[in-house]
Amino acid sequence: SIYEMFGNECCLSTGEVIKVIGFKINKLIASICEKNEVNRVSAKVELPLNFPGLYKVVADKTPYLNIEEITRKVFIGPTRFGHPCFYSPEDIKLANFTIKHGEQIIFNSVEEVNGTMAVNCDVVRNNQSHSFTLPLSQEGKFYECEDDQIYTLKEISEWKIPKCRSRIVKLSNTLHMWDSCNPLPENFDGCLILTPVYEVQAVMKFRNDIVHILSDLDVEVKDITDCYDINSFLHPLSLEDVFERTSKEFPMVAEIMEGPSGSPKPYNFLHTGKEIIIYKKYQATRILASEIRSDSPKRHFLIPMTYKGKFKRRPREFPTAYDLEIARSEKEKLHVVATKAFDSPHKELFCVSVGDQFLAQQRQTSEVLYEERKQALDVFACEQILNDTYKKVLLPMYMEGGFVEVIHDKKQYQLSEICKEFRLPFNVKVSVRDLSVEEDVLAAVPGLQFEEEITDSYLLISSTSSPSESWEIPVYRLNMSVHLLSKEIQTVVPPVTRTIVEEISEEQYYMVRRYENQTLHPPPRPPKKPT
C-alpha cells in the first residue's frame, strides 16, 4: 500500500513489520452548536490542532461505570494534566475512609498495591488532603468534575479527550486572528463538539524516524506481538520522557528521530538523524516579560538570568490607589502624576485633578462621615507636591483614577539587580544590548514589562560533532523525539553554555502564567466603595 505522508509517498510492503508506539490526534472535527445547545448542530468544520484560542472544557455528563474504565480512557500520570477529578453521586465506603457523595476525587497515579492494580487518590477537606487508593474493580457511577482551567486546542487534544469519546468545549478567549479564513462563525460564543481524527505512530525495522499512518488507511494488518522480538525496534522518547528519567541515568547519547517543526535559531540544528549528548536535567529561572504597547498582539519573552544586556527604567501605570500601595517600596519614594480626575464623596479625602503630583506613602485607616455616621475607611496617605512645599492628603483605596510614575533614576541595571532590588511587575527598556549574541531580540522592543519570575524544566545538550558548547532546551515547548544510543561519551559539561531569550506565542504565554500561578493564592481585591 502506497500512501502520502507530509507530501511524501511512503510504501508499506506486504510482510513489513511495524511496531505501533502510540495513537495521536491528527485533527479535530468540530460540530458548531449555536447558543450552547448541543442538540442543535449548525455546521461541521475541520480544525487543525494549532487553531488559536483558549477553551473551557465542559464536564462530560456520561458516567464511567468503574475505575478500570476511567484508567483505560482518561490520561492519569505525573504531568501537569495527569490529575483528572471525578465525583460519585453516592457515598463510597472504604476500609478506613468514606468518600462522601459529590466530593471531588483527584486521581494521581495508577500502580500495583498488594498485588492489585489501584489508583492513588486524594480528597481535600477543610484545606487538608486525605490520601487513599481505589481498586480498578471498584464499581459505581463516576462523573467528571467541572474544570475551571482554560486550554489550547492542542492541549485538549493531547490530554482532555477521553478515548472513544468526544469533548464539548466553549471558546473562552480568541487570542489572535487566524491567518487563513476563520472556519468559525463571526462573533461565535456557542460551544463546539470536538470529535478526534487519529493517526497511528509507528516505527519500522529499517527506518530511524517515526512513521505517521492515517487511521483511515486501507491496509490489512495482523497482530504478531506474541511471536516477535519487539526489543529489536527503536524506542522513541519525548523530551518529557527523557526528563522523567532519574538523574543517575545522565549523561546519555541520543539520536533525533523527529526534530521540532519550524525551529527558530539556535534550535534549527536539531534535525532528524542528529546525534546529541544530554548532560543533565534541571529547573532554571526565567523572567516572563511582555512588550509594552496599547494595541495587540503583544510579544512575549522568557529571559534567562544570564542575559548580559542592561536596562533603564520606564514609567509604570497605576489604575487605582490600591496599585500604588502594592508598588511602593522602602528603597525609594514612589513619585506619580495623576492622569484622571477624581471627585471624592467625602470631605475628609482629597479630590484629584489631572496633573496633580504625589509621593506615595502608606496605607492606613481613617474615619469619614457617611450618611451622618462615622465610618472607618481604608485610605492611602500621600504627599501632594506643590511648587515649594508638600501637603499631606488621603486618597480612598477604592479610587479608580489613573497615575503614571515619574522616573528620577537614570541608572542602568543588570537583570539580576532588578530582580533583587525591585518588586515585579516592573517596566524597562534595553539600554545596552547583549553583545554575547548575534541578534538581541529585546533590543528592538521599545518597552518591556517584567511580569514575574518563573521556574521551568530544561535539558542541557550539545551536538556530538561539536561538543565544545552546550545549549539549554525547554522540555515542554520543544516538540521532538529521540532514541538512546549505547555510546561512550564525555561526561564533562562543556565550559560554554548557551542560553537564549525565548520568544513565546500568546497561547504559551497564557499557559506559562497559569502553571506558575496555579499553586499561589490570588492577590486581595481592592476595597470597594462604601454603599
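The chain exposes about 30100 Å², of which carbon and sulfur atoms supply 48%; accessible areas come from the Shrake-Rupley method with a 1.4 Å probe, and for residues only the protein chains shown count as cover. The model is predicted, and local features need pLDDT of at least 70, side-chain atom pairs count only at pLDDT 80 or more, and totals for chains, interfaces and linings use all residues. Residues are numbered from 1 along each chain as its sequence is written, and side-chain values use heavy atoms, with hydrogens and water left out.

The secondary structure comprises six helices and 34 strands; these are DSSP runs numbered from the N terminus, helices being H or I of at least four residues and strands E of at least two. Of the 531 residues, 44% count as buried, that is, under 20% relative accessible area with a 1.4 Å probe, protein chains only. Contact means heavy atoms within 4.5 Å. Among contacts between residues at least 6 apart in sequence, 68% join residues at least 24 apart.

In soluble globular proteins, nonpolar side chains tend to be buried together. A nonpolar core is a set of buried Ala, Val, Leu, Ile, Met, Phe, Trp, Tyr and Cys residues joined through side-chain atoms within 4.5 Å. The largest such core has 27 residues, and V352, F358, L395 and F403 have the most contacts inside it. Its largest share, five residues, comes from β26.

Strand β26 covers residues 373-385 and includes Q384. Q384 is buried, with a relative accessible area of 9%.

Definitions and conventions:
Buried < 20%, exposed > 50% of the residue type's maximum accessible area, 1.4 Å probe, protein only.
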